[in-house]
Amino acid sequence: MFVPARAPTGHVFRVDRNGGPVWYAKYRLPDGRQVQRKIGPAWTERGRPPHGYLTKRTAEAWLRDVLDKARRGTLPGMLRTGATFADAAAEYLRYVEHDRGRKPSTVHGYRSAVNAHLLPAFATTAIEAITPRDIERWIATVDRSARTRNKLVLLMHAILGRAKKVYGLPYNAAADVEKFPQRSSGDIEVFSPEEVWALVRAAASEQDAAIYLTAAFTGLRRGELIALRWRDVDFAGSVIRVRSSYANGALTTPKSGKVRSVPMAPEVASALARLGDRPRWTGDDDLVFPGVGGSYLDGSALRRRYDVAIRGAGLRPLRFHDLRHTFGTRMIAKADIRRVQEWMGHADVQTTMKYLHYAPRPEDAQLVAEAFRVPDASRTTGESQLRLST
C-alpha cells in the first residue's frame, strides 16, 4: 500500500547551559526520521544581537529554511544516494572521456586535479552530505592562485552536476560557492627577435633549434609541432598546414578542432629544409620532429631541454608557450586581427584581442595633438607662461 510522505515539521527550544543559553531545533523529515540540532547561542538581551547569536525569531527562520529544503528534497543528508564523492568523480571522468569524447590532454588535466586536490578532501564523503560550507573550507586551504581555485570549484560543480543525473543527487553544493576575484593585468611575457635567435643558438641539437624557431615564427602549439608531418610542410606555397596535435600519448585534432594554414617564413623553410637532408624520417608520412625510432617526440623531455637552453642563453625564464605568444604579438603589428586569429587557430576572436595593445598605432599620438591644438597666438602665450612658472 502506498504511504504518502509526511510533511516535515519541527520546533525550536532554548536550553540554558553553563556557558550561556543555546537554541536547538527538533524536526521530523518526510521519511519519518527525527533530527535534533544545535542552532547556536541565544541572545536574551535587548538590542541587536552580536554576530553569531540568535533571537527566537532568527532561530525560527533557520528552522523554516531547513523545513523548506526538506520539502523540496534539497536538504543535505536527507537523501541516501549510496555514492561517495570518489564514485561521482570516477563517473564524471568516464563520462567526459568516453561519452563526451574530450581530448586526452583535457581528461588528463581533470584527473590530475581530482587526484591531487579533490579526492584527498572528499573521497569517502557521501555526495549528499557535502555542503557549500564544506567546499568553502576546503578551497580556502588550497594554496594556489585565484584562477586555479576557481577552476577546482568549477570541476567540483561539474562532478556534482553529473551526480544529479546519475545518482539522483538533489542539490549541487558547489553551485552556492562564490568565485574568487581574479585580477589580470592582461600583460604577456614574450621574446624579442634577438632573444628568439639567442635561444635557437643555445639549442642542444639542430632539431631542437628548428623547433624553437618554428614555434616562434608560426605560433604552433607544442603538441602541434610534435604531430607535424612532412606532407604538411608546403615549401612551394610557403605554408605549414596544422592538422593534428599530440599530447599525453594520444593524437587528436588541433585545439580549435579545425585544420589551419600558417605562413612559413624563409628562415623556417631553411631550417626545415636542413632537417629534410637527414638520412631517414623524411617521407611524407614521417614526423618533421621525430623522437626515438621515428616515433613521437617526448614533450616533457623537450620542455626540459628548452629550460636548459633558456638558461644557457641567459634569457628570462619564459615558458615554451610564450614562443606562441611571441608570434601573436609580432604578427598583430603587421596583419589584421582576423588573419592572426586564423593563423593561431583561435576559435574566438576575443582570445586574439589580447594581442591588440601590442599593435603600434603612431597615428593615435597625432589624434591627441590635434584634439589639443590651439591657435598659434594662444599657444605662444601659454608657452611663455610655462617658462615663467618654471
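First, the ground rules. Residues are numbered from 1 along each chain as its sequence is written, and side-chain values use heavy atoms, with hydrogens and water left out. Because this is a predicted model, local features need pLDDT of at least 70 and side-chain atom pairs count only at pLDDT 80 or more, while totals for chains, interfaces and linings use all residues.

Let's start with helix α1, residues 56–72. Helices here are DSSP runs of H or I, at least four residues, and strands are runs of E, at least two, numbered from the N terminus. The expected span of a helix is 1.5 Å times one less than its number of residues. For the 17 residues of α1 that gives 24 Å, and the end C-alpha atoms are 24 Å apart, which agrees.

Which residues of α1 are buried? They are Ala59, Leu63, Val66, Leu67 and Ala70. Buried means under 20% relative accessible area, exposed over 50%, and partly exposed in between, with a 1.4 Å probe and protein chains only. Seen down the axis, these buried residues fall within an arc of 95°, so they line one face of α1. That arc is taken from the directions from the helix axis to the C-beta atoms. An α-helix has 3.6 residues a turn, so residues three or four places apart point the same way.

What does the buried side pack against? Strands β1, β2 and β3. Contact, throughout, means heavy atoms within 4.5 Å. On the other side of α1, Arg57, Arg64, Arg71 and Arg72 are exposed. Just after the helix, Gly73 takes a positive phi of about 80°.

Next, helix α10, residues 299–312. Its 14 residues should span 20 Å, and its end C-alpha atoms are 20 Å apart. At the N-terminal end, Asp298 is the cap: a side-chain oxygen lies 3.0 Å from the backbone nitrogen of Ser300. A polar contact is a pair of N or O atoms within 3.5 Å; within protein, one must be able to donate a hydrogen and the other to accept it, and residues adjacent in sequence count only if both atoms are side-chain atoms. Buried in α10 are Gly299, Ala301, Leu302, Tyr306, Ala309 and Ile310. Their cover includes α6, α7, α8 and α11. Just after α10, Gly314 has a positive phi of about 70°.

Now the cores. A nonpolar core is a set of buried Ala, Val, Leu, Ile, Met, Phe, Trp, Tyr and Cys residues joined through side-chain atoms within 4.5 Å. The largest has 50 residues, and Tyr212, Leu272, Phe289, Tyr306 and Phe320 have the most contacts inside it. The largest share, 7 residues, comes from α7. Apart from this core lies another, of 28 residues, among them Val114, Ile139, Leu155 and Leu169.

Last, the aromatics. Rings of Phe, Tyr and Trp (its six-membered ring) pair if their centres lie within 6.5 Å; planes under 30 degrees apart count as stacked, over 60 as edge-to-face and the rest as tilted. The count comes to 10 aromatic pairs. Trp43 and Tyr53 have centres 6.0 Å apart and planes at 80°, so that pair is edge-to-face. Tyr246 and Tyr296 are stacked, at 3.9 Å centre to centre and 10° between the planes. Tyr246 sits in strand β6, and Tyr296 in the loop between α9 and α10, 50 residues apart. One aromatic cluster is formed by Phe85, Phe122 and Trp138.
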